[in-house]
Structures are given as structure tokens and as C-alpha cells.
Amino acid sequence: MAYYSIFPEKDTTLYSHPDRDTMNVGNDEIIELVKERGSNSSIYYPSRILIQFSDNDIKTAIDKTNQLFTSSLQLFSTEHKNLSTEQSVEVFAISQSWNEGTGRYSNLPSSSNGSSWLYRDNDDTRTEWLTSSFATGTTGSINPVTTITQGGGEWYTGSAFKGSQSFSNADLLDLDINVTSIVNQFSSSLYNTGEGILNYGFIVKNSDSIEINISSSNGELQYFSSDTHTIYPPKLTFKWDDSDNSYTDVSLFNIKTSGELNVSLYRNKKEYNQNDEALIRLHVRDKYPNRSFVTSSNYLNTGYFTPTSYYSIRDAHTEEVVIPFDDNCTKLSADSKGMYFKLYMNGLQPERYYRILFKHINNDGIEIFDNNYHFKVIR
């Protein structure tokens with residue numbers, strides 16, 4: 001089983017607030033969904049997020065999966081403020097190209113050299129987002145009943161071009177939105193296997209019901225951008241089954257269905273380059289082997305977890321779960337040498353230490369092995 005993550009080539013926030021509707025923030029460390037109150041009115045103006053991953057990175061990821069995958073857009077929360085009880089976020093495939101720009105929210109004077117609520121390129125060329133007469137299968141702008149200036153992007157409509165996530169303010173506020181159907185549309189275009197759509201990225205927005213309610217705020221949902229100096233940039237994660245499940249016969253394999261076990265990593269490196277695809281091996285044996293008269297050590301015998309066993313990766317410093325135990329996508333594989341799994345290092349942040357955990361489900365129940373199996377990713 002495998003996880004493979006790629007990072008954005010560009011992202012930005014579009015603000016509909018009249019003071020900021022031509023402002024570009026393509027170089028800001030934060031992307032956000034916020035409804036700001038007008039300077040001279042009681043209207044609350046929404047924002048939207050644009051984010052795009054490169055065609056080459058998407059193709060590289062899909063090639064590894066044999067085009068059998070699920071994918072999710074992940075944004076990691078920073079400071080959220082005054083959130084309403086219920087939140088609803090939607091993701092659509094963008095239908096027009098756009099420029100990231102180099103502006104920042106705090107710039108004085110503000111920058112307009114990239115996309116904004118009104119323009120998809122900059123404040124000089126002024127190529128406006130369409131606000132009517134959209135191409136077939138697309139839409140954009142905002143409901144005119146809001147009295148908010150029209151603009152804010154263009155996107156495809158229909159279930160094949162949409163993902164969503166609803167949550168409460170008491171939940172984990174990171175976004176993890178299934179966008180498999182959208183990426184499949186990108187894939188059809190990239191591989192010329194169908195009509196598909198060109199990859200202009202994703203637009204992230206509040207649901208229409210939240211946006212058109214101009215009489216109240218829904219709070220501020222803030223996320224780290226690709227320009228963050230933290231370990232939490234947005235990412236597009238691909239998940240698929242690459243496991244070998246051929247070792248299910250207990251009579252042929254030394255599968256440990258019960259008893260205490262000793263688990264160690266086997267001939268693995270302490271450091272991996274960020275571009276490595278590592279094969280992580282582990283050695284499983286009985287902690288207290290039965291006494292027997294043999295010519296070789298029992299400790300050299302190859303042991304196996306049950307087929308319902310999994311791995312997880314955590315940041316060794318922050319304890320952030322980078323790859324969770326996943327019944328579908330982190331199952332361990334096995335061959336004649338023992339248990340193993342493949343780990344793609346470019347989905348991890350360089351110059352960080354990580355820790356591997358294992359979950360073993362057998363006749364005794366569930367056991368987690370967390371014995372300081374560390375490694376470092378380097379540049």
C-alpha cells in the first residue's frame with residue numbers, strides 16, 4: 001500500500017471586499033476563507049482560494065499508481081477565528097488559467113501583479129473573470145442578489161468536478177477533501193484517454209448558502225500556503241494498493257497469530273534523500289521462542305505479521321501523523337525475506353526526523369509497535 005504526495009506550484013486568495021478586489025496575495029504564507037465586513041457597510045464579503053499542482057507532478061504520481069488511485073486535497077489549518085458552529089467547504093476544478101503573482105496581504109501599497117477577485121491575470125492586462133455567458137458546463141462569479149461585485153473565478157459544474165467537506169468548529173479543522181473525480185478528469189486530458197479537462201487547478205470556497213448570506217460572518221478559516229516556512233504546505237495526496245497479499249497460508253509462512261513479538265527494522269538506512277523511494281524492511285520474531293534443538297538460531301527465522309497489519313509515519317518532533325494507519329492504503333507486504341513496505345520520501349518534508357509505527361491485528365487483539373524506529377529525510 002502506498003501514499004504519494006505532491007506540493008503546489010502556485011496558490012493565492014481572492015478577496016471580494018471592495019478595498020481588496022484587485023489585490024494579489026500570491027506570495028503570502030496564508031490562504032484563507034473569510035467573510036470581511038465592509039468598511040462603509042454592514043455587508044460581509046467572502047474570499048476564495050485558488051491552488052494548482054503541475055501537470056508533470058500529477059503525471060508522475062499517476063504513473064506510480066497504475067492509474068488506480070484515490071486522491072485528496074489537503075490544507076493544514078493555522079489560526080482560525082470566530083468560527084460558526086457548522087462549516088461547509090467546496091472544491092471545484094478551475095476552468096480558466098490564472099497568474100499567482102507575488103503580492104502579500106500586508107504589502108503597502110497592495111500588489112496587483114497577479115490574479116484577484118476581478119482579474120485572472122493582473123491589474124495591468126485586466127483579463128476579467130467571466131461573470132455571465134459562461135461556456136457550457138462551467139459557471140463562476142457570485143449570485144448577483146448579494147450586491148457583491150461580480151468576479152471570483154470560473155469553474156466546472158457537475159459531480160465529476162466537485163469535492164466537499166462539512167465539519168463543525170469542534171472538529172479537526174484541516175481540510176482533507178476527496179478530489180479523485182477531478183484528478184481523473186485531469187488524467188484523461190494528460191494521457192489523451194478521453195475528453196477530460198485541462199489542469200488549471202482547484203478553487204476552494206464556502207458553500208453558496210454561506211457566501212450569499214451577506215448579513216453575517218462565518219468566521220475565518222486560515223490555512224498554510226505553499227509559501228509557508230512551516231512543514232505544513234498544502235498537498236495533493238495519492239493513495240493506492242501496492243501490497244502483496246500472497247502470504248496468507250499459515251502452514252507455508254511463519255505468521256504470528258498470537259504471542260509477544262520482537263520487531264526491528266532490517267538493514268534500513270538512517271537517512272534518505274528526499275527523492276528516494278525506500279523499501280523499508282522489518283524483522284519479526286517471537287519475543288520468547290520455544291526451546292528446540294536446532295543447528296541455527298531461532299532469532300534468524302523469518303517471521304510475519306498477519307495480513308491485517310499496517311504502518312504509519314509520524315513527525316518525530318511534532319508527533320503530527322503524516323501517514324495514518326489506513327486499512328486500504330498502508331497494509332504491509334511480504335516476500336521470502338519478511339515484511340516490507342515502500343515509502344516515497346518526496347512526500348515528506350526534508351531535514352526532518354520521522355518515526356515508523358506498526359499495527360498488528362491477531363488473535364490476541366490489536367498491538368501497536370512504537371519502538372523509536374527513526375529515519376531522517378535530507379535534501
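Residues are numbered from 1 along each chain as its sequence is written, and side-chain values use heavy atoms, with hydrogens and water left out. Because the model is predicted, local features are reported only at pLDDT of at least 70 and side-chain atom pairs only at pLDDT 80 or more, whereas totals for chains, interfaces and linings use all residues.

The secondary structure of the chain comprises three helices and 22 strands; helices (H or I, at least four residues) and strands (E, at least two) are DSSP runs, numbered from the N terminus. Along the principal axes, the C-alpha atoms occupy a box of roughly 90 × 45 × 35 Å. The chain has 379 residues, of which 51% count as buried. In this text, buried means under 20% relative accessible area, exposed over 50%, and partly exposed in between (1.4 Å probe, protein chains only). Contact is defined as heavy atoms within 4.5 Å. Of the contacts with a separation of 6 or more, 72% join residues 24 or more positions apart.

Helix α1 spans residues 55–65, and its buried residues are Ile 58, Ala 61, Ile 62 and Thr 65. These residues lie on the same side of α1, because they cover an arc of only 95° around the axis; the arc is that of the directions from the helix axis to the C-beta atoms. An α-helix has 3.6 residues a turn, so residues three or four places apart point the same way. The cover over the buried residues of α1 includes β1 (2–6), α2 (180–190) and β13 (235–240). Just after α1, Asn 66 adopts a positive phi of about 55°. Gln 67, which is placed in the loop between α1 and β5, has a positive phi of about 60° although it is not a glycine. Gln 67 counts as partly exposed because its relative accessibility is 40%.

Helix α2 is largely enclosed by the rest of the structure, because eight of its 11 residues are buried. Among these buried residues are Thr 180, Ile 182, Val 183, Phe 186 and Leu 190. After α2 comes Asn 192, with a positive phi near 55°.

A nonpolar core is a set of buried Ala, Val, Leu, Ile, Met, Phe, Trp, Tyr and Cys residues joined through side-chain atoms within 4.5 Å. The largest such core contains 38 residues, and those with the most contacts inside it are Ile 58, Leu 73, Val 179, Val 183, Phe 202, Leu 236 and Phe 238. Helix α2 gives the most to this core, contributing four residues. Another core, of 29 residues, lies apart from the largest one and has Leu 282, Val 284, Leu 348 and Tyr 354 among its members. When residues up to four places away in sequence are not counted, the residues that Leu 73 touches include Ile 51, Phe 53, Val 91, Val 179, Phe 202 and Leu 236.

Ser 47 is located in strand β4 (residues 44–52) and counts as buried because its relative accessibility is 1%. A polar atom of the Ser 47 side chain lies 2.8 Å from the backbone oxygen of Glu 32, and one lies 2.9 Å from the backbone nitrogen of Val 34. Such a polar contact is a pair of N or O atoms within 3.5 Å; within protein, one must be able to donate a hydrogen and the other to accept it, and residues adjacent in sequence count only if both atoms are side-chain atoms.

His 80 lies in the loop between β5 (70–75) and β6 (86–93). With a relative accessibility of 18%, His 80 counts as buried. The His 80 side chain reaches the backbone nitrogen of Gln 222 at 2.8 Å. Leaving aside neighbours within four places in sequence, His 80 is in contact with Leu 173, Glu 220, Leu 221, Gln 222 and Tyr 223.
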